[in-house]
Every structure is written in C-alpha cells, then in structure tokens.
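Reader: I'd like to learn how to read a structure like this one. Please take me through it feature by feature.

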Amino acid sequence: MSEALIDIRQLKKYYPVRGGVFKRHIADVKAVDDVDLKIRKGECLGLVGESGCGKTTLGKAILRLHPATEGRIYYNQTRDNIEEVEAMLASGNGKREKAKRLLADMDITRMNRQKMTELRKKIQIVFQDPSNSLDPRMLVKKIVAEPLIIHKMVTAGEMDDHVLEILNRVGLAKTHMMRYPHEFSGGQRQRIAIARALATNPDFILMDEPTSALDVSVQSQILNLLKKLQEDMSLTYLFVTHHLLVVKYISNRIAVMYLGKIVELSKSRELFERSLHPYSKALLSAIPQPDPFTKKERIILTGDVPNPLNPPRGCRFHPRCSYVKEICKEVIPELEDAGNGHMVSCHRWKDI
C-alpha cells in the first residue's frame, strides 16, 4: 500500500448561522463533520453522494479555499511522522505544544501564507463549469500562463513555448492560444481549465464534477484525457461527482458521503459488486439499465435528507433506513474494516 499524499484527520467544516438584531451565532450548518480520509499517491479517489452532502466543501477545505473549522490535513508526510504527531496531540500539554509547532509545517489548515503560496503549486483544482471558471476577457495564452507568472516559474522568453507544451498535452494547438474562451466548445473550454491546472506541474488535483456540464460523447473524451494525464504525470485526483458510472470508470477507490460523513469506502469494483451500507445500495439501485428487458429492484428511500443545521442523533442515515434499530438512533457508527480495505460506517452492515 502506497503512502498517503493527503491524510485527513477529524476534519470539520461548519458554517455559522447568525440571527436576531445583534446577529449572534445561533447554530451551525455541519457541511463536513468529523471526516477521516486518506488519498494515496497516484490514485484517483472518487467522492460521491447526493447534492448538498458536503462533497465539494470537503474538497475545497483540502485546498484551503474554505478554512476548516477543526481537524488536520497532512500533505505528503510519512505515516510514521503523522502517527508521532497524533500521539503528541493525544498526550499531555507539554507534548501538545511541540505537536502544534510541527503542525505548522505539516498541516494545510495551519500553514502560514508563505507556505501556502508554495503549496499552491502542488495542489490545483478543475471547477465544474469552465464557462464561469475562465475569465472571458483573457486570451487562452494568458489564462494558462497566469499561474506560471504568479509563481515565477518560467521566464518571459520561455513562456510561449511552455504554454504551447501544456496545451498540446490536453489536445489543443498553437492556433488556440490567441483566442478567447467564448470561441470554444464546452469540451475545449474544460481542456483549457485542465491545462491551467497542469501549468505548475502539480501532484494533486481536485476534480469538482469536471464532466457534469458536458455532453456524453465529450465526457468520455475528457475522462480518457484525465486518465492519460494521470499515468503520464503521476497525478493524484480527488474526483467529486454524483455520476456513479463516471466515477466507476475513472476511480481506483470510491468514498460515499452522506450529510457530512463518509459512510462507505472501498475499491471501485467492490463497491459495485458488494456494497454494504444501505445508502450505497440505494444509490447503486438508481443507476439506469441500458437493457429494457432487464429488471432491477429499485430501492426507494423514504423521507427527505435531514437538515444539516440539526442532523439526527446517532447514525445520520437512520431516519431513512429500513434496517434501523435502537442503537442506530443513539450511537454514531465508526468506519469499520469489513475486509480487503473495505470500510463501512453502519451498525448493522453484517445483517444486510
């Protein structure tokens, strides 16, 4: 098993709700609540779930586009170093102070501005809609060159050649450099967004639903491009999507998220063949079958997704679960190893 490039421990992201005349803090929207997750070097980890479950918030917290409320996000640290710091945090006050000093260099949530500026070269993002993420007043040449200029990675004389090399990687040519984003199709605009993310030669890229705004035929082209780039450049992806067949094709492992928590984590093929959590089973049952003569049982979830302002006690999924017992209403289930690296957060997964 390879080392984790990103190791997330007890991550929380709450958004305060203010009310009254004096706008006092009265509650929190618990978008991400106590998440532990490891993203291994060179893998594509898929993150799926219903809209509003916290997928994009988790991704943006990793990049510190949204500051975390609590928790730690270790970047490119050895397992031994991480466990040593975690042990210090769990011990007495003397060691805790030393751990906090070490975290200033190890933990993305605690890095100062200078360290974060350096780290931005290695962690990038591709947004969902390239029509909104690309500046309509900038030429493609300037869009791709901007991160290189900010980080002073290439001289002015080398800039054009470097930009052209990046564009060629994503299937674009020299003739595209002096055009504006509106002159391209949706798939080409997403290629430009990918080129911009590749400009600084990153290690990790957050893919925030990069194919959801594209036609099906164009989706396949972009997915194949992403797989090729991952192999050629040894990239690590966090692929956020609600499209299960897309994530099955591109991901090595899949994490299923529900109301701010990871409820299941496994290899892609195993999740589709042997899902263990009732929520995962319901998601998979909703995948349409291309054969009209094949009958498939559809699992219909009752009720609505609970309000993240006031999530249920115990298991977050229990108000909609057909296997619910009393323990589910009182005790929050931990992620449990079900064998072969398959993790599930459910009190009754062995009975399902």
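This is a predicted model: local features need pLDDT of at least 70, side-chain atom pairs count only at pLDDT 80 or more; totals for chains, interfaces and linings use all residues.

Reader: Let's start with one residue. In which strand is Asp34 placed?

Author: Asp34 has its place in strand β2. Residues are numbered from 1 along each chain as its sequence is written, and side-chain values use heavy atoms, leaving out hydrogens and water.

Reader: What is the phi of Asp34?

Author: Near 65 degrees, a positive value in a residue that isn't glycine. Glu209 is another non-glycine with a positive phi, about 50 degrees, and Glu209 belongs to the loop between β6 and α9.

Reader: Are those two buried or exposed?

Author: Relative accessible area is what to look at: under 20% is buried, over 50% is exposed, and in between is partly exposed, using a 1.4 Å probe and protein chains only. Asp34 comes out partly exposed because its value is 37%. Glu209 has 9%, so Glu209 is buried.

Reader: What about the chain as a whole? How many helices and strands are there?

Author: The chain has 13 helices and eleven strands. Of its 352 residues, 49% count as buried. The C-alpha trace spans about 70 × 65 × 55 Å along the principal axes.

Reader: How does its radius of gyration fit a compact globule?

Author: That radius is taken over C-alpha atoms, and the globule rule is 2.2 Å times the number of residues to the power 0.38. For 352 residues the rule gives a value near 20 Å, and the chain has 22 Å, which agrees. Contacts tell you something else: a contact means heavy atoms within 4.5 Å. Among contacts with a separation of 6 or more, 65% join residues 24 or more positions apart.

Reader: Show me a residue with its contacts. Where does Thr236 lie?

Author: Thr236 is in strand β7, residues 236–240. Its relative accessibility is 2%, so Thr236 counts as buried. Leaving aside residues up to four places away in sequence, Thr236 touches Leu5, Ile39, Arg40, Lys41, Gly42, Glu43, Asp203, Phe204 and Ile205.

Reader: Now a helix. How many residues of α8 are buried?

Author: Eleven of the 13, which leaves α8 mostly covered. Among them are Gly187, Arg189, Ile192 and Leu198. The buried residues of α8 pack against β5, α5, α6, α7, β6 and α9.

Reader: How far is Ala195 from Glu165 in space?

Author: 9.6 Å, C-alpha to C-alpha, although they are 30 residues apart in sequence. Glu165 is found in helix α7, and its relative accessible area of 43% is why Glu165 is called partly exposed.

Reader: And which elements does α12 pack against?

Author: The buried residues of α12 pack against α10, β8, β9 and α11. Seven of the eight residues of α12 are buried, including Pro278, Tyr279 and Leu284.

Reader: Last topic: pockets. What is the volume of the largest one?

Author: A pocket is an open set of points on a 1 Å grid over the protein atoms alone, where a 1.4 Å probe fits and protein lies on both sides within 12 Å along at least five of seven lines; lining residues have an atom within 4 Å of a point. Points are joined across faces, edges and corners, and the volume is the space filled by probe spheres set on them. The largest pocket has about 730 Å³. It is lined by 28 residues, with Asp36, Leu37, Lys38, Leu335 and Met343 closest to its centre. β1, β2, α2 and β9 each give two or more residues to this lining, and β2 gives the most, six.

Reader: Which residues lie nearest the centre of the second largest pocket?

Author: Arg120, Gln124, Pro147, Ile150 and His151, out of 14 lining residues. The elements giving two or more residues there are β5, α6 and α8. The second largest pocket has a volume of about 340 Å³.

Note on methods. Helices (H or I, at least four residues) and strands (E, at least two) are DSSP runs, numbered from the N terminus.
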